[in-house]
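Thanks for coming. I have one model to go through today, and I will keep it brief.

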Number of protein chains: 2
Amino acid sequence: MATEQQPSDADADSESPHAGAPDAYHDLLDRYRQVTYLNDSGMLLSWDQQVMMPEGGTPARSKQQSALSSVQHEKLTADAVGDLLDEVESADLTADQAAVVREIRREYEREAAVPGELVERISEETSNALPVWEQAREESDWERFAPQVETLLELKREYAEHIDPDADPYAVLFADYEPYLDLEVADRVLTRLREELVPIIDAIAESDVTLAEDAFDDEYDPDIQEDVARDALDELGYPWDHGRLDRSTHPFSTGNQFDARVTTRFAPDDPVDALSSTIHEFGHATYTLGLRDDEYGTPLGSHRGLSVHESQSRLWENHVGRSEHWWEHFLPTFQEHFPSAEDLSPRDAFEAANQVYDDNLIRVEADELTYHMHIVLRYEIEQDLVHGDLDVADVPDVWNDKMDEYLGIRPDDDATGCLQDIHWSHGSFGYFPTYTLGSVMAAQLYAAAEDDIDDLEGKISRGEFEDLHDWLTENVHRHGAKYETNELVKQATGEEFTADYFLDYVREKYGKLYDLDL
Amino acid sequence: MATEQQPSDADADSESPHAGAPDAYHDLLDRYRQVTYLNDSGMLLSWDQQVMMPEGGTPARSKQQSALSSVQHEKLTADAVGDLLDEVESADLTADQAAVVREIRREYEREAAVPGELVERISEETSNALPVWEQAREESDWERFAPQVETLLELKREYAEHIDPDADPYAVLFADYEPYLDLEVADRVLTRLREELVPIIDAIAESDVTLAEDAFDDEYDPDIQEDVARDALDELGYPWDHGRLDRSTHPFSTGNQFDARVTTRFAPDDPVDALSSTIHEFGHATYTLGLRDDEYGTPLGSHRGLSVHESQSRLWENHVGRSEHWWEHFLPTFQEHFPSAEDLSPRDAFEAANQVYDDNLIRVEADELTYHMHIVLRYEIEQDLVHGDLDVADVPDVWNDKMDEYLGIRPDDDATGCLQDIHWSHGSFGYFPTYTLGSVMAAQLYAAAEDDIDDLEGKISRGEFEDLHDWLTENVHRHGAKYETNELVKQATGEEFTADYFLDYVREKYGKLYDLDL
């Protein structure tokens, strides 16, 4: 990366998108950059805590994180920031500059609206809730976790009330994760998916076709799986001088355009799951690495929210990593590491990676169809919880009934039911819908990329990912947070955000797999 | 560590050393804690940069470090801190509380004297300088690194000027690392060592005695060496739930009382060097871990400067790890990992670990005698650099001439000469003398421990390190920064800081080894 640009604080360059803006704008931007740098420091501390830190380090790490949060809050909500925003909003700004100001205004308003004391209480309660959730899950005992959920719901309702007392509190919480798609849009998409996917799932359940479900039926040494994951990242073009792969309990990705790391995990009986997770996190990291180097710290060098982030991970995970073309390319590498797989065909691997489970209770193990029923269920439950229409004590029953209704299966216990996800212990109500929005957006973006790129599928089957990578960088990554979500999708695809492409994609894919006319 | 205490921000406990102090004191201490937490966040970022970060991450990391430095500076030098210091200094305080205020005052004065913008520039320049030093060392090209040294010298001179325009700038910089021993004390010790060690080194060079120099004459697989290092840390009592061992170019230790990590490096031809480095860093980490948990973030839970820190690493490295008693205990473990060493005796290993090299160019590979000549050389060169009496471009020549003068050898290139140490890339001019002060202090502390602990040498030869560990914890670690350096030494040993014990120790040790009457 010899030509890579350094982050610039000076904006002296006339080529800079910030050139020509008033002094107040530069002052504002400098302050914002400091907040980003502090935020990214906290993200590194968190990566370390999950990947490297010895367990005894927790008390000190909590203090460090809380000091960092507190100075970020202080810096972002300083009176001067409000004054500078007022001043620059009446100035003559370019589109880039106006976008920068819009983003800073939004973050400032949300952060300034909430009293520091409440932020601290939420942080404290989530710290307390995490080990309780872990324990409750281990004991499969929702009642044990329920008081924490109760408390966090109350605090998050209060939080939403501070931000906008007139709005639906769930919509306010959702906007923390996806600021520029209305909850109505999310609702429309989720409703449509429920309506259209359930018949497809039913048809598949009734189909006679048997996929190569047991294709990966051996024990797969995690250390060798890690070699496979590294080879996959190599093939996909992950730049090791700007990232790393490590193991953690929950796979995640974190970092900035200079250093975007991924983690994954390996189970001896499921090498496809680890590979999918790795490719998923690669998608996140490649988005982060595609942000403009010279805009590090500004909204133009920051991601556009969690739906878009998830669209990038899902695109690589599903449209690339779960395709037959991918397996045509990658299976020989897998077989080199695991000779027991030597008789598999790419079609076998493709089928094994895409079987629709009719008995899977766990969201993160779900296929691309039933996955969204897991999300719909959570979305409905947490909405009712936030609105006070559902007692926390009743969550297990409602959860199990809905699983029955949407997927025809019923968890035996809370551990494989309503206690399976970490999100509520973080107080992250409103986060789940971004997973589905990301999948839907991925399909729309991938369809547009297919239109623009000559023989994309052939390229994937030959391991040529550069054109796709370049397309995504140019149409998504390079814009940072310049456009609002829907506008970004429109710029990239020529159309408003829509679920059409996702539904077309799954109809075609699963129609072929199960020999059905969907 | 079931009984470990959490860091306490409340000081509500009447047992707390802060109980009964005026409100202003608590306010001051809370502010200081935040600064420590931010500082420790920066230390983690720095550990990551040296151990984990992909090399492309530097530009973003520099920004993060600089933002952290800047908020630390802002928090520590806030007007309110000055006002609170004025207020509490006239209050009735306990000895502990007075020590806390003394330490905060000292840091406040130094920090307030230096403009934030300069602090930020230094932080950014040191972040940038590190990869340049690495590259320059790889290419053995001082010229490549020289502009960075030039810049850092200028910035550090400016820094010293702000703190005390009337003082010797080198003395001002030295006080950053050792605030409570005057540079004159350091100078006296270094001069005495040069005078008294040179004749000893000469006598050894002329001695006919041949030590078992080639005892470790095989190739030692670095991965197996790492197993040996882990076993050594186990034996010494390193608590893995509060630390980790990793590899880095330059061994170091970092962290806090909850999480103190060590790094080391392994060369296939020198397993003793890696083991010594590991034990050295263990000494640092064990000091850090011995600080009071409930005082995390306060001066009572912080170390007493670099000389004392180094006394702990040197005590374990030299007085334990280079003793014949250690090898009586540890050699069998080493031999288990490296069967080629099966014929070695503890005496052989002891001799090999203590040979006085007459051809060693590398400070960190030096024996306990010539080591201090390496320090004297650096001390003289960096003093001249800071005073402007030596051009940066001339460093290689002066370095090589002094090596010739003091040790009778001349580096062939810069990599094994003036580019060998990382310190100047950190802008750490004035740091080196603390290494010698630490060795000297280690000998004094060890002599006192020997007086207090029954059969200490026997215990070491049986792998019983607990009494020594407890003695150091009780007499050094638990006091944090309560006492000034000399006072701490006096409390622990009953005497003022002196080089007598160090000189007695080396005379006895090397007299026996080389059969000389020193």
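I will start with one strand and then move to the contact between two chains. This is a predicted model.

The strand is β3 of chain A, residues 259-264. Is it covered or open? Mostly covered: 6 of its 6 residues are buried. In a regular strand, side chains alternate between the two faces of the sheet. Here, Asp259(A), Arg261(A) and Thr263(A) point one way, while Ala260(A), Val262(A) and Thr264(A) point the other way.

Now the neighbours. Strand β1 of chain A, residues 245-247, runs parallel to β3(A), with 3 bridges joining them. In that pairing, Asp246(A) is opposite Thr263(A). Strand β2 of chain A, residues 253-256, runs antiparallel to β3(A), and 4 bridges join these two. There, Gly255(A) is opposite Ala260(A). The link from β2(A) to β3(A) is a hairpin through 2 residues.

Next, the interface. On chain A, 39 residues are in contact with 39 residues of chain B. The buried area between chain A and chain B is about 3,100 Å², and carbon and sulfur atoms give 62% of that.

Which polar features cross the interface of chain A and chain B? There are 11 residue pairs in polar contact. The rule also finds 6 salt bridges between these chains, among them Arg61(A) with Asp259(B), at 3.9 Å from N to O.

On the side of chain A that touches chain B, α1 (23-51), α2 (58-76) and β3 each supply at least two residues. The largest share, 10 residues, comes from α2(A). By class, that side of chain A has 17 nonpolar, 9 polar and 13 charged residues.

That is what I have.

Terms used:
Residues numbered from 1 in each chain as written. Chains lettered and ligands numbered in written order. Predicted model: local features only at pLDDT ≥ 70, side-chain atom pairs only at ≥ 80, totals over all residues. Heavy atoms only, no water. Buried < 20%, exposed > 50% of the residue type's maximum accessible area, 1.4 Å probe, protein only. Pairing = 2+ DSSP bridges. Contact = heavy atoms within 4.5 Å. Buried area = accessible area lost by both parts, 1.4 Å probe. Salt bridge = Lys/Arg side-chain N within 4 Å of Asp/Glu carboxyl O. Polar contact = N/O pair within 3.5 Å; in protein donor to acceptor, adjacent residues only side chain to side chain. Nonpolar A, V, L, I, M, F, W, Y, C, P; charged D, E, K, R; others polar.
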